[in-house]
Amino acid sequence: MKKDSVQRRLAAILSADVAGYGRLMSSDEVGTLRALKAHRRELIDPSITSHHGRIVKTTGDGMLVEFASIVDAVACAVSVQRAMIDRNAAVSVDKSIVFRIGINVGDIIIDGDDIFGDGVNVAARLEALCEPGGLCISRAANEQIRDKLSLSFADLGEQTVKNAARSIGIFGLAASEIALLPEDASSELATGNSVPSPVAQEQQIRFCRSSDGVQLAYSRIGQGPPLVKTGNWMTHLEKDLESPIWRHLWRDLAREHELIRYDARGNGLSDWEVDEISFEAFVRDLEAVVDAVGVEQFDLLGISQGCAVAIAYTARHPERVRRLVLYGGFALGSAKRARSAAEREQSAAMLTLTRLGWGQENPAFRQMFTSQFAPGATKEQADWFNDLQYVSCSPDNAVRNLEATAQFDVMDQLRKVAVPTLVMHARGDARVPHDAGRRTAAGIPGARFVSLDGNNHLILEHEPAYGRFLEEIRSFLRV
């Protein structure tokens, strides 16, 4: 071979950098450099070596690493990101060093000790698209590790990236998912062994009847202590597991619990043609589901309107509920909370618009609800939520649900809740005021209240508050 001929080979390429590096350096240049060197010396470089990688070059906060095996590359990345969670535990958020990592497998060009080519370019672009603390890999990389490492990467779709000839499929592992891996997962990955699948079984959907004969669909997924999620408006047991609005939450909760969900009457797979949609009917439905499942004691999760139902059930059946978690809820419905004629007129206008516009093929009207429930949604999430509204509930049931929830009032039952309770609410919630959550917590003896940053009524996977939301639940329910 001539000395000037091009050398190529197939390799796995890892590209990493520090999120917010400029801000960290501006705040504390010496401290940031010292901490970064310590992380490299004590964690990153040894991990690369143990996974048979080669550091090609470093650029300030960045690093390019070559591996012969994509399994080793992904195992190394997960090992580092999982360990960084523990290393940052005692460090304030504004001083924490958090990495973004992108990995690709492809053809590279070798020039001395350096490497070039599409394989490198794509890895660098994946790193730029990665959420802090997470990991992004290409479709080619995902296909090669799928049967070797039991890690569930979310399909983030096709994207056109700079300096790449064609769009590439991107798969992501969120920081919140890496945090849920066991502490010894790093060593299991390092030796090439599979980490046990986080959700041990497929969803099982069954049916039961409420006291008035309404057929309710409920599901069970995961393993562990039972966690019952109270039914709320606009759910669909099958579609929710595919939806970027809900799938992350159900997947994450099912890692440590047997998660029991059901579609409320008039929604999803439960009966739509029902005589009664009311608060008392919702409470009876919860009673019917837990009796059908056969769990004697369980943790109970309420979200949005499901919080009031969960409160009433807990007050009436304190022996059945071990711990209560409430998010984005209210003890008083919108009609009861209204303090002015303008607020009452706004609620009436919403009912009229729902009655006239809900069943239309054009999603413009349903987008109004999406903007209230999830103003920070990505286009994919907003499109899913628009469609979910259309398939999960009829226009008539949507109006009936709004009318019923507007009249909710469990204020007198708050003091009867005698189990440990965690209440969480987003500060900028565009659907249910933050103050409604605060007042709910204040009325429950000993309840802990947590304010989360954000404007979304339904907490989304990509928002920074989701990690704290999940960890608060996990810590609270472990006791």
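1. A nonpolar core is a set of buried Ala, Val, Leu, Ile, Met, Phe, Trp, Tyr and Cys residues joined through side-chain atoms within 4.5 Å. Buried means under 20% relative accessible area, exposed means over 50%, and partly exposed lies in between (1.4 Å probe, protein chains only). Keep both terms in mind for what follows.

2. Some ground rules. This is a predicted model, in which local features need pLDDT of at least 70, side-chain atom pairs count only at pLDDT 80 or more, and totals for chains, interfaces and linings use all residues. Residues are numbered from 1 along each chain as its sequence is written, and side-chain values use heavy atoms, with hydrogens and water left out.

3. Start with the whole chain. The protein chain has 19 helices and 16 strands. These are DSSP runs, numbered from the N terminus: helices are H or I with at least four residues, strands are E with at least two. The C-alpha atoms fill a box of roughly 85 × 45 × 45 Å along the principal axes. A compact globule of 479 residues would have a radius of gyration near 23 Å; the chain has 25 Å, which agrees. That radius is taken over C-alpha atoms, and the globule rule is 2.2 Å times the number of residues to the power 0.38.

4. How much of the chain is buried? Buried residues make up 54% of the 479 residues. Contacts (heavy atoms within 4.5 Å) tell another part of the story. Among those between residues at least 6 apart in sequence, 72% join residues at least 24 apart.

5. Now the largest nonpolar core. It has 44 residues, and Phe279, Leu286, Val289, Phe298, Leu300 and Leu326 touch the most other members. Elements giving two or more residues to this core include β10 (215-221), β12 (258-262), β13 (298-303) and β14 (321-327). Helix α10 gives the most, with eight residues. Look at Val289: not counting residues up to four places away in sequence, Val289 touches Cys208, Leu216, Tyr218, Ile260 and Tyr262.

6. A second, separate core has 41 residues, including Met234, Leu422, Ile459 and Phe469. Met234 deserves a look. Met234 lies in the loop between β11 (226-229) and α8 (237-240). Met234 has a positive phi of about 60 degrees, although it is not a glycine. Its relative accessibility is 1%, so Met234 counts as buried.

7. Compare His52. Its phi is also positive, about 65 degrees, and His52 is not a glycine either. His52 is found in the loop between α2 and β2 (53-59). Is His52 buried or exposed? His52 is exposed, with a relative accessible area of 61%.

8. Another histidine, His39, sits in helix α2 (residues 29-50). His39 counts as buried because its relative accessibility is 8%. Leaving aside neighbours within four places in sequence, His39 is in contact with Ile44, Met84, Arg87 and Ile97.

9. Check helix α16 (residues 395-406). At 1.5 Å a residue, its 12 residues should span 16 Å; the end C-alpha atoms are 17 Å apart, which agrees. The expected span is 1.5 Å times one less than the number of residues. The helix is mostly covered: nine of its 12 residues are buried. Among them are Asn397, Arg400 and Asn401.

10. Last, the aromatic rings. Rings of Phe, Tyr and Trp (its six-membered ring) pair if their centres lie within 6.5 Å; planes under 30 degrees apart are stacked, over 60 edge-to-face, and the rest tilted. The count comes to nine aromatic pairs. Phe373 and Phe385 form a tilted pair, 5.4 Å centre to centre, with 40 degrees between the planes. Both residues, Phe373 and Phe385, are buried. Elsewhere, ring pairs link Phe279, Phe282, Phe330 and Phe408 into a cluster.
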